[in-house]
Amino acid sequence: MTQTTEQPLLEIRDQIDAIDAQIQQLISQRARLAKEVARIKTNGGQVDAVFYRPEREAQVLRRVIERNDGSLPAEDMARLFREIMSACLALEQPLRIAYLGPEGSYSHAAVLKQFGSFVHPYAVSSIEDVFKAVERKEANYGVVPVENSTEGVVSATQNCLIDTPLQVCGELDLPIHHCLLSNAGSLDKVRKVVAHAQALAQCRTWLQNNLPHAELEAVESNARAAQLAQQNPQWAAIASEQAAQIYTLRVLEKHIEDNRQNTTKFWVMGHEATEPSGEDKTALIMTVPNKSGALLHALEPFAEQGISMTRIISRPAQHKTWDYLFFIDVLGHQKDSKVRDTLEAVAERAAWFKLLGSYPISPLK
Ligand SMILES: O=C(O)C(=O)C[C@]1(C(=O)O)C=C[C@@H](O)C=C1
């Protein structure tokens, strides 16, 4: 580099150094305030203080996105603040978050997206165990997949939601990009593809076109598949790019999902109700009396009060042959008086009704 190009570079680096010093000072100041918040929350010794506040985090991130001037993409700026809040929250309370493992699963990625990297992810081996870990307080919160845009609902999660005393306290969407991971060297050496059943289904067309002779086997998770592929060089796993790093596998092919918009919605399950954030949803489950027009009648209060349903999913109730359960999400928070009164009116018309919780609409894409 010549003297003339070197000089402006050094000047800019001086400016960057000065800004870094300011940023660091401000982050330290913020961290001290978070400790002060923790002191107020424990109010001199309260043992069951709630440190994680999803509604406040959503408000902070929404403001970051609104303020963003485009020098960095809004999503990237939000991720930086996500990490700062994660570090501040860890000062208040180190959180343990249960998820469907092993390490490297999409649920693991969902934990990091929602809580940042300063929490302790706690891998368990089934969705039921995520609920149990939180219910028994072995973990502070759990993150569970609810629905995939290609494959539909995750019935193991639905089953647990029916009986759990936990509440939904947050949501996030995770774009799912599947990779084919293997140490086989090339596609034509792959004899068998292992993956979670949903991942196999989401890559059906690609597998038919590119690996028509490979045996397909469903296993309990994509990360488990990656472990198996590591042990068997003629096998390939469908999993995330991160799983390739964790399990030292080569990425033979990226983006093998049939639908590029493939996204999974996750919920955060916890013991406490979440306060309103200004942009919220409320989730519920209900059954209706087994007679014609009963569903329409039960949902009428939502239409009358102009409360939008963002999701309604029906499935047979397992204990009674022809009864149906409806999983419904509406816009608004249950503490909002209009939403609360409408939920009460719907509950009166339902045969069985359970509120799952209100939670902030995720500001992160
Ligand atoms: O405002 C609070 O209640 C805090 O604890 C501070 C803070 C933050 O760093 O902004 C940290 C954790 C909470 O989940 C929400 C926000």
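Predicted model: local features only at pLDDT ≥ 70, side-chain atom pairs only at ≥ 80, totals over all residues.
Residue numbers start from 1 along each chain as its sequence is written.

Let us stay with β3 (residues 141–148); strands here are DSSP E runs of at least two residues and helices are H or I runs of at least four, numbered from the N terminus. β3 and β4 (residues 152–153) pair in the antiparallel sense over two bridges, where pairing requires that DSSP finds at least two bridges between two strands. Three residues lie between β3 and β4 in the hairpin that they form. E147 also stands opposite K265 in β11, a strand covering residues 263–270 that runs antiparallel to β3 and is joined to it by six bridges. With β1 (residues 96–100), β3 pairs in the parallel sense over three bridges, and A98 has G142 of β3 as its bridge partner. Seven of the eight residues of β3 are buried, meaning that 20 or more other C-beta atoms, placed from the backbone, lie within 10 Å of a residue's own.

A98 leads us on to the packing. The largest nonpolar core has 58 residues, and A98 is among those that touch the most other members, together with I97, Y99, V130, V134 and M269. Such a core is a set of buried Ala, Val, Leu, Ile, Met, Phe, Trp, Tyr and Cys residues joined through C-beta atoms within 7 Å. Helix α4 (residues 106–115) gives the most to this core, six residues. Another core, of 28 residues, lies apart from it and includes C179, L211, A237 and L252.

Seven bridges link β13 to β14 (residues 324–331), and P316 stands opposite Y324 in β14.

Finally, turn to the ligand. Among the residues around it are A34, F51, R53, E57 and M85, counted when the C-beta atom, placed from the backbone, lies within 6 Å. α1 (3–42), α2 (54–67) and α3 (74–92) each give two or more residues to this shell, and α3 provides the largest share, four residues.

Key: Buried ≥ 20, exposed ≤ 12 C-beta atoms within 10 Å, placed from the backbone.
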